[in-house]
Amino acid sequence: MAIFKATDYKIKPNAAVGGELKELFSALSETPGEKTLIFDGGVYYIDASALEAETAFITNTVGDGEFSADETPHRVKFAFALKNIKDLTVEGNGAKFLLRGKATNAAIRNCENITLKDIEFDVEAPDMQELTAVKKGAFYVDFKVGGESRYTVENGSLIFHGEDYTVNAIKAYRYSGYLARIRRDSPDTVVRVGYLFRSAIKAKALENGLVRVYYFNNSDITEGDSYYVFNDRRDNVGIFIDSSKNVTFERLAQRFNYSLGIVAQNCEDLTFHELDLSPCEKSGRKIVSTADFLHICSCRGKVSVTDCNFDGACDDCMNVHGVHLKIMKIDGNVVTAKFMHPQTHGFNIMRDGDTVAFIDTATLLEKGFAKVLSSRLTDEYHLEITLDKTDGAQVGQCVENISACPQVEFKNNNAAHIITRGLLMTTRGKVEIEANRFVSTSMSGVLLSDDASSWYECGPCADVTIKDNVFEYCGENGVLIKPENKVHGGAVHKNIKIIGNRFGKYSGSCIQAKSSENIVIKGNSFADENRLSAENCDNIEKDF
């Protein structure tokens with residue numbers, strides 16, 4: 001086994017290491033066989049300004065229509081960047097990589113058998129600002145600005161400054177509907193708000209780090225509540241895993257990321273053990289991720305998430321799904337299919353030998369199956385797929401790659417301060433959700449979805465066990481089984497066991513289901529009498 005020491009490449013703590021990392025990772029890609037990379041403990045700095053941008057299509061991130069005329073779409077900078085490497089273990093020994101500026105914290109692309117251990121990623125003074133309302137008058141609110149934020153008040157404008165950003169907060173966020181709020185009276189929960197600066201007039205600097213914002217109407221703002229403002233355009237992600245196999249993270253921490261925390265697409269067999277995606281106490285931040293913590297798209301094999309801590313996300317804790325492509329043309333056995341959502345496109349989700357299903361967009365039911373003989377991207381949005389047959393396929397239907405549906409294990413994890421759902425599961429693979437603690441989600445604790453008209457995220461769930469979890473607070477439902485079919489033509493989701501969980505009180509029912517069958521609900525405890533709501537469901541077995 002080859003041993004690489006970072007110090008041999010002049011990579012030492014308390015120094016900028018961008019160029020040196022690039023040289024080291026290049027050497028690793030050229031070295032065959034098993035190898036270990038060892039870092040000394042300490043802080044390493046990576047300057048985004050020194051990184052080279054390249055084109056990369058990352059699922060569920062910024063869409064083409066969100067780029068300005070002077071931008072080149074889909075240009076991304078990668079800081080800690082592994083590419084074309086096999087059989088590597090990285091021993092971090094507590095190394096912390098601190099990014100200065102805006103970029104993707106880390107990337108693993110076209111790699112196989114990669115393990116990262118005992119590493120931490122963070123961003124220095126990121127574009128995420130905390131404002132706590134400490135005093136409220138008739139037409140003003142005095143805010144205390146969070147400790148990391150750098151700001152000035154100029155001509156009535158509240159300006160936040162940092163590496164790669166200068167933001168006029170009142171102007172930039174006046175109509176944003178995706179800001180976050182943590183209430184003084186319920187500090188364990190976080191919700192979305194869209195009114196923080198909607199009627200703001202101007203700002204004035206006060207003593208002791210306070211800023212007074214004047215309003216026409218401040219009735220929606222509450223003394224003691226904290227508000228988090230950030231750019232919700234998904235320009236970068238935390239860690240990007242692309243077209244890789246057998247990737248393992250052990251005791252990996254990430255203290256802040258722009259956009260999705262960890263996003264994997266076109267991958268196989270992913271293991272996440274003892275992740276810590278939570279705020280660094282020193283920073284004072286309560287929000288770590290401006291979108292999902294874990295986002296898994298069109299992967300296969302098994303995705304295992306165990307003994308992890310997730311705290312502070314402005315979207316789901318974890319989302320697992322495939323992609324519904326709409327059939328635009330059928331020419332013999334060749335199907336032209338299109339990526340329909342602007343934030344997901346530009347990568348081939350098919351492999352030779354995969355099985356696809358033809359999906360009716362109204363009922364979400366299969367109309368036929370075929371084998372993939374070959375496939376290619378003809379442009380960013382279109383796939384040309386040669387199949388062994390097209391029986392049952394029609395223009396206007398969707399095609400789903402049912403070979404890219406991973407098994408999911410989500411066990412012994414803690415999820416707190418999640419602004420939408422705890423888990424969003426849309427996969428045919430076996431799903432085990434066991435012994436987790438969902439402290440707070442403003443929507444559902446667990447959602448089983450499937451849609452072919454909005455996000456185009458597929459597919460139906462066929463074997464799901466939700467067992468021995470605690471749903472302390474979920475804003476809408478503990479478990480929501482809701483395929484987005486427009487017409488009920490039969491069960492979409494099947495074989496769901498909800499056993500031994502503890503449900504709190506929610507605005508909706510503890511368990512809500514539609515267009516599903518073979519649901520077992522046993523041994524659960526409920527704090528709310530509204531235990532179950534079901535529509536177009538068959539064979540529900542329950543003990544209450």
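Which side chains meet in a salt bridge with an N to O distance of 3.1 Å? They are those of Arg376 and Glu384.

## Basis of the model

This is a predicted model, in which local features need pLDDT of at least 70 and side-chain atom pairs count only at pLDDT 80 or more, while totals for chains, interfaces and linings use all residues. Residues are numbered from 1 along each chain as its sequence is written, and side-chain values use heavy atoms, with hydrogens and water left out.

## Salt bridges

A salt bridge is counted when a side-chain nitrogen of Lys or Arg lies within 4 Å of a carboxyl oxygen of Asp or Glu. The structure holds 32 of them. Side chains of opposite charge can pair when their charged atoms come close. In the pair Arg376 and Glu384, Arg376 is partly exposed at 45% relative accessible area, and Glu384 is partly exposed at 26%. Partly exposed covers the range between buried (under 20% relative accessible area) and exposed (over 50%), with a 1.4 Å probe and protein chains only.

Glu366 forms a salt bridge with Arg428, with 2.9 Å between the closest N and O atoms. This pair links distant parts of the chain, 62 residues apart: Glu366 belongs to strand 32 (residues 366-377), and Arg428 to the loop between strand 37 (423-425) and strand 38 (431-434). Strands (E, at least two residues) and helices (H or I, at least four) are DSSP runs, numbered from the N terminus. Glu366 is partly exposed, with a relative accessible area of 33%.

Arg437 and Glu472 meet in a further salt bridge, at 2.6 Å from N to O. Here too distant parts of the chain are linked: Arg437 is in strand 39 (residues 437-438), and Glu472, 35 residues away, is in the loop between strand 43 (470-471) and strand 44. Arg437 is partly exposed at 38% relative accessible area, as is Glu472 at 34%. Salt bridges with shared partners also join Lys96, Glu120, Asp122, Arg255 and Asp276 into one network.

## Strand pairing

Two strands are taken to pair if DSSP finds at least two bridges between them. Strand 47 (residues 511-514) runs parallel to strand 44 (residues 479-481), and three bridges join them. Within this pairing, Leu480 has Gln512 of strand 47 as its bridge partner. Strand 47 also pairs with strand 50 (residues 532-535), in the parallel sense and over four bridges. There Ala513 stands opposite Ala534 of strand 50.

Six strands form a closed barrel in the order 29-30-33-32-31-34, with antiparallel pairing. From one strand to the next the twist averages 45°; axes are lines fitted to C-alpha atoms, for helices over the stretch in contact, and angles run from 0 to 180 degrees between N-to-C directions.

## Pockets

On a 1 Å grid over the protein atoms alone, a pocket is an open set of points with protein on both sides within 12 Å along at least five of seven lines, a cavity is a set where a 1.4 Å probe fits but cannot get out, and lining residues have an atom within 4 Å of a point. Grid points are joined across faces, edges and corners, and a volume is the space filled by probe spheres set on the points.

The largest pocket holds about 660 Å³ of space. Of its 32 lining residues, Arg192, Arg234, Asp315, Arg421 and Trp455 lie nearest its centre. The lining divides into nine nonpolar, nine polar and 14 charged residues, where Ala, Val, Leu, Ile, Met, Phe, Trp, Tyr, Cys and Pro count as nonpolar, Asp, Glu, Lys and Arg as charged, and the others, Gly among them, as polar.

The second largest pocket holds about 490 Å³. It is lined by 23 residues, and Arg75, Lys102, Arg233, Asp235 and Asn236 are the closest to its centre. Strand 6 (residues 75-83) gives the most to this lining, with three residues.

## Cavities

There are two cavities of 30 Å³ or more. The largest cavity has a volume of about 80 Å³; its lining includes Met128, Glu130, Tyr228 and Arg285. Strand 10 (residues 128-136) supplies the largest share of that lining, three residues.

The second largest cavity has a volume of about 40 Å³, and Ile46, Ala79, Phe97 and Asp122 are among its lining residues. Its lining divides into six nonpolar residues, one polar and one charged.
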